[in-house]
Amino acid sequence: TVHRYKGGRSNAEFSGEGLYSDNTGGIEAVHESLLGDANLAIMCMPDGYTLGNYFAGVAGTWKIHKIDTPGDDEVMTAIQVESNAGLDLGRVLCAHAAITATGGQVGQLSATAAATANGGAAYINVDVDNFTSITCAIQHSSDSTNGVDGAWADIATFTVMTGITSERVSVAEGTTINKYLRFNVSAFSGTSGTITAGFARNAA
């Protein structure tokens with residue numbers, strides 16, 4: 001019997017491991033802070049937290065979380081998340097920035113050669129929560145030159161953030177995404193929140 005498989009990005013998993021540390025900010029502390037989240041949105045940035053860099057996005061549910069001792073007295077922690085929305089490839093629009101106020105100035109302009117016409121997905125990760133609430137969105141524009149001027153409109157609005165969380169917001173296929181994109185905070189209450197956000201355009 002001959003089988004044929006169609007290539008694509010409809011199935012995806014994210015896995016990560018490291019030396020166990022439950023100190024504040026340690027890898028296990030991060031894992032445990034996410035365990036109660038039934039729908040994780042993970043952004044993997046192999047080139048680091050830099051505006052405009054590529055990210056790979058996976059949104060799904062926990063499949064594996066384990067603590068193991070493989071040898072040499074090392075204690076390892078590992079996670080695996082199975083995507084329920086395939087694999088998204090996008091650009092970083094807010095690069096692990098400390099958000100302290102409203103405005104589009106915290107987002108940065110990201111341009112393609114032209115508008116695209118097949119929707120996409122917006123991602124956000126919040127990992128420091130010295131705030132009460134943050135209202136934010138990904139916006140698009142057809143005429144901006146610097147990320148501030150021109151006409152902007154929300155293309156993907158996140159749930160109001162009230163603590164450490166993550167989210168993927170899908171924009172329907174067939175939706176036009178204008179040439180320019182930015183991350184924008186429209187309401188902020190508190191001291192600061194550290195946010196990473198981005199947008200992945202669907203292929204035509």
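**Group meeting: side-chain contacts in a predicted model**

Good morning. The structure holds one aromatic pair, where rings of Phe, Tyr and Trp (its six-membered ring) pair if their centres lie within 6.5 Å, with planes under 30 degrees apart counted as stacked, over 60 as edge-to-face and the rest as tilted. The ring centres of Phe55 and Tyr123 are 5.5 Å apart and the planes stand at 70°, so this pair is edge-to-face. Because Phe55 belongs to strand β3 and Tyr123 to strand β7, the pair ties together parts that are 68 residues apart in sequence. Strands here are DSSP runs (E, at least two residues), numbered from the N terminus. Phe55 is buried, at a relative accessible area of 2%, and Tyr123 is buried at 0%; buried means under 20% relative accessible area, exposed over 50%, and partly exposed in between (1.4 Å probe, protein chains only).

A word on conventions. This is a predicted model, in which local features need pLDDT of at least 70 and side-chain atom pairs count only at pLDDT 80 or more, while totals for chains, interfaces and linings use all residues. Residues are numbered from 1 along each chain as its sequence is written, and side-chain values use heavy atoms, with hydrogens and water left out.

I turn to the salt bridge. The structure holds one, defined as a side-chain nitrogen of Lys or Arg within 4 Å of a carboxyl oxygen of Asp or Glu. Its partners are Arg168 and Asp88, at 2.8 Å, N to O. Arg168 sits in strand β9 and Asp88 in strand β5, so the pair ties together parts 80 residues apart in sequence. Arg168 is partly exposed at 24% relative accessibility, whereas Asp88 is buried at 5%.

Next, the nonpolar cores, that is, sets of buried Ala, Val, Leu, Ile, Met, Phe, Trp, Tyr and Cys residues joined through side-chain atoms within 4.5 Å. The largest has 24 residues, of which Ile124, Ile134, Ile138, Phe158, Phe183, Ile195 and Phe199 touch the most other members. Two or more residues come from each of β5 (88-99), β7 (120-141), β8 (153-157), β9 (165-171) and β10 (180-201). A second, separate core of ten residues includes Met43, Met45, Ala59 and Ala95.

Which residues does Ile134 touch, not counting those up to four places away in sequence? They are Val160, Met161, Val185, Ala187, Phe188, Gly193 and Ile195, with contact meaning heavy atoms within 4.5 Å.

Lastly, Ile67 lies in strand β3 (residues 54-71) and is partly exposed, at 46% relative accessibility.

Methods
Helix = DSSP H or I, 4+ residues; strand = E, 2+ residues; numbered from the N terminus.
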